[in-house]
Amino acid sequence: MGHTAIPQDSVGGLSVTEHRLRNGLRVVLSEDHLTPVAAVCLWYDVGSRHEVKGRTGLAHLFEHLMFQGSRQVPGNGHFELIQGAGGSLNGTTSFERTNYFETMPAHQLELALWLEADRMGTLLSALDDESLENQRDVVKNERRQRYDNVPYGTAFERLTSMIYPEGHPYHHVPIGSMADLDAASLADAQEFFRTYYAPNNAVLAVVGDIDPERTLAWVEKYFGSIPSHEGKRPPRDGTLPDTVGEELRELLEEDVPARALMAAYRLPHDGTREADAADLALTVLGGGESSRLHNRLVRRDRTAVTAGFGLLRLAGAPSMGWLDVKTSGDAEIAQIDTAVDEELARFAAEGPTPEEMERAQAQLEREWLDRLATVGGRADEFARFAVLFGDPQLALTAVSRVLEITPEEVRAVAAARLRPDNRAVLVYEPTGPGDDAGEDSGDTEATEADETEADAEGAVQ
């Protein structure tokens, strides 16, 4: 067997083993015999941060091309075979990775592994101008539907380009530009695949009702002969100063339902105590209907119908704090500005109360438990920590690090980062008929971080 094994760890009854094939593929296995299902999650260490100017959107375009057939699975066969076997599947692209995942009845695990290996090893033999053109059109239509033709649709893209300056690897979002999508050639796509879709640039996590020894034998059988590739360039440096240094503000007059104020703040890199402290700060300030901003703007002042503040965690660049406020009735943006700055200044001075701290930690713990509750969620977390931080075991201890954060650390990160000179701001002024004063222009149940994360990823279906 062409692999080396890394010792097992166990937290809360969950065990993890890691192996490496001779071609560099890292394999993470975790048994869970509670239900007869198995999840396969394959993370490739490539996202929009690896792209170069003039060829943005290739990572996301390739996510779609991976479902267009390989040597032994033509056309839409990947979907047909998985769904025909009772499984579910998809793929997403972010700034920092591209992932593909299936959840299968346990007795169909071998099929999922064979399919992932076939497209990793043979996709180029099926990639042609027709499939490239087909998926180019699909991605361009996705851009129209999610960004260009919906209210507030370009806010995330605009704020990203402001908070991460020109030339920074995170300056553009994964969807890419229309011009760059049009410019992508078959040769560009082929070179991109050879460079990044190699076993030594991937982590395969398999979680669920599995026999580890048999599963590893299947992985060796199907993936072991795929050659590694050494031509990958490291991503460009994403380092930036802790703060922007000034407030960047843009006014947009568009046909939107209501005035809105959205802002992005530069926050600490994921994987640090400071990022966990920032997550707690934003949870207290804007994580749901018990948060300070919701209480102030929606309940007390009644100047807003939604007020959320969430964290988009990033490992290779400063994370992004995402503030989203939709106004109520004729409320002026100046009122929102003043109230937000007052609440942030008060929080920076006083920090969270013991009750707020307990509630925020419980909320983040619940979100962590939700991610680990399914075999698919667990596989994704193991792959994430293996790709971004080098150790899948960290997925099992993430919540303990959040629970160790002190109120003073939360206050300190707010004082250092949640300042007017560390944000990019978008102000939306409606050009169409006035909005309905009592009408909700956003989903108050969804956190802003969830919505931002969705903008940072593109799913095939």
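A cavity is a set of points, on a 1 Å grid over the protein atoms alone, where a 1.4 Å probe fits but cannot get out; lining residues have an atom within 4 Å of a point. The model is predicted: local features need pLDDT of at least 70, side-chain atom pairs count only at pLDDT 80 or more, and totals for chains, interfaces and linings use all residues. Residues are numbered from 1 along each chain as its sequence is written, and side-chain values use heavy atoms, with hydrogens and water left out.

**View 1. The largest cavity.**
The structure holds 4 cavities of 30 Å³ or more. The largest has a volume of about 80 Å³; a volume is the space filled by probe spheres set on the points, which are joined across faces, edges and corners. Its lining consists of Thr283, Val284, Gly287, Ser290, Ser291, Arg292, Glu356, Arg359, Ala360 and Gln363. Helix H9 (273–286) and helix H12 (354–372) are the elements that give two or more residues to this lining. H12 gives the most, with 4 residues. Helices (H or I, at least four residues) and strands (E, at least two) are DSSP runs, numbered from the N terminus. By class, the lining has 2 nonpolar, 5 polar and 3 charged residues. Here Ala, Val, Leu, Ile, Met, Phe, Trp, Tyr, Cys and Pro count as nonpolar, Asp, Glu, Lys and Arg as charged, and the others, Gly among them, as polar.

Met66, Gly69, Ser70, Val73, His78, Arg119 and Leu123 line the second largest cavity. The side chain of arginine 119 also meets that of glutamate 102 in a salt bridge (3.7 Å, N to O). Glutamate 102 lies in strand S6 and arginine 119 in helix H3, so the pair ties together parts 17 residues apart in sequence. A salt bridge is a side-chain nitrogen of Lys or Arg within 4 Å of a carboxyl oxygen of Asp or Glu. Glutamate 102 is buried, at 1% relative accessible area. Arginine 119 is buried too, at 1%. Buried means under 20% relative accessible area, exposed over 50%, partly exposed in between (1.4 Å probe, protein chains only).

**View 2. Helix H1 and the largest nonpolar core.**
In helix H1 (residues 58–65), 8 of 8 residues are buried. They pack against strand S5 (88–93), strand S6 (98–105), helix H3 (109–126), H4 and helix H7 (186–196). The largest nonpolar core has 79 residues, of which Phe62, Tyr197 and Phe223 touch the most other members. H3 gives the most to this core, with 8 residues. A nonpolar core is a set of buried Ala, Val, Leu, Ile, Met, Phe, Trp, Tyr and Cys residues joined through side-chain atoms within 4.5 Å. Beyond four places in sequence, phenylalanine 223 is in contact with residues including Leu21, Leu113, Met120 and Leu204. Contact means heavy atoms within 4.5 Å.

Arginine 417 forms a salt bridge with aspartate 242, the closest N and O atoms being 3.3 Å apart. Arginine 417 lies in helix H15 and aspartate 242 in the loop between helix H8 (212–223) and strand S8 (248–254), so the pair ties together parts 175 residues apart in sequence. Arginine 417 is buried, at 10% relative accessibility, whereas aspartate 242 is exposed, at 51%.

Note on methods
1 Å grid on protein atoms, 1.4 Å probe; cavity = no way out; pocket = protein on both sides within 12 Å on 5 of 7 lines; lining within 4 Å.
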